[in-house]
Amino acid sequence: REIAEIFTEVIIAPDATEEAKSIVAGKKNLRLLLAGGLPDPKGEGSTFRSLAGGFLVQSRDNGVASALKVVSTRKPTEKELADLVFAFTVAKHVKSNAIVYAKDGATVGIGAGQMSRIDSARMAAWKGEQAAKAAGLKTSLIEGSVAASDAFFPFPDGLQAIAAAGGRPI
């Protein structure tokens, strides 16, 4: 009922009651797509990607960040470790040169799709700054956050950009 009261074009749900179906049917430009149950994200399976002239089939990446090896001098707090695991989980699903800043169990800046990791780090920091401004905060959401990437940093400039933005060095 609540969704039907606001502008919505499509509702995708695993299932719906007959009552819900009749409510949606009463709205002229609202569609209900029943997708069934979602697959277990940790389960085995394959993913398919289309390519020019064919497709790629590969095993689903169902790995989960859990055991992190700390190689820096400063050891992270338990809270920072939890935020790092969360940030790595998000970064896994962000495309190309992903940088994810996280704090208090939430993303505070995400940058991706750039030619260089440093540009992604700067974009994510800018998004954190803009979100802070929109919320009326005096400091960037990036301040005191942790950062994760979908790959290694080939040069120190990306890490330096994260630290300059307020990401917490570990």
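Colleague: How should I read aspartate 61 in this structure, as buried or exposed?

Modeller: A residue is called buried at under 20% relative accessible area, exposed at over 50% and partly exposed in between, with a 1.4 Å probe and only protein chains considered. Aspartate 61 is exposed because its relative accessible area is 53%. This is a predicted model, in which local features need pLDDT of at least 70 and side-chain atom pairs count only at pLDDT 80 or more, whereas totals for chains, interfaces and linings use all residues. Residues are numbered from 1 along each chain as its sequence is written, and side-chain values use heavy atoms, with hydrogens and water left out.

Colleague: Which residue forms a salt bridge with aspartate 61?

Modeller: Side chains of opposite charge can pair when their charged atoms come close. The term salt bridge is used here for a side-chain nitrogen of Lys or Arg within 4 Å of a carboxyl oxygen of Asp or Glu. The partner of aspartate 61 is lysine 92, with 3.6 Å between the closest N and O atoms. This pair links distant parts of the chain, 31 residues apart, since aspartate 61 sits in the loop between strand E4 (54-59) and helix H3 (78-93), while lysine 92 belongs to helix H3. Helices (H or I, at least four residues) and strands (E, at least two) are DSSP runs numbered from the N terminus. Lysine 92 counts as partly exposed because its relative accessibility is 32%.

Colleague: How many salt bridges are found in the whole structure, and where do glutamate 18 and lysine 21 lie?

Modeller: The search finds eight. Glutamate 18 and lysine 21 are both in helix H2 (residues 18-25), three residues apart, which is about one turn of the helix, and their side chains meet at 3.4 Å, N to O. Glutamate 18 is exposed at 59% relative accessibility, whereas lysine 21 is partly exposed at 29%.

Colleague: What does glutamate 80 pair with?

Modeller: Glutamate 80 forms a salt bridge with arginine 168, at 2.8 Å from N to O. Because glutamate 80 lies in helix H3 and arginine 168 in the segment after helix H5 (157-165), the pair ties together parts that are 88 residues apart in sequence. Glutamate 80 is buried, at 7% relative accessibility, while arginine 168 is partly exposed, with a relative accessible area of 41%. A network of salt bridges links Arg74, Glu80 and Arg168.

Colleague: Which residues of H5 are buried, and what covers them?

Modeller: Gly158, Ala161, Ile162 and Ala165 are the buried residues in H5. Seen down the helix axis, they fall within an arc of 100° and therefore line one face of H5, the arc being that of the directions from the axis to the C-beta atoms. Their cover includes strand E5 (99-103), helix H4 (117-134) and strand E7 (146-149). Exposed Gln160 and Ala164 are on the face turned away from the buried side of H5. Just after H5, glycine 166 takes a positive phi of about 115°.

Colleague: Where in the chain is confidence lowest, and where is it highest?

Modeller: The predictor's confidence in each residue is given as pLDDT, from 0 to 100, and where pLDDT is low, the predicted coordinates should not be read in detail. The chain averages 91, and 99% of the residues score at least 70. Confidence is lowest in helix H1 (residues 2-5), at a mean of 88, and highest in E5, at 97.

Technical notes: Contact = heavy atoms within 4.5 Å.
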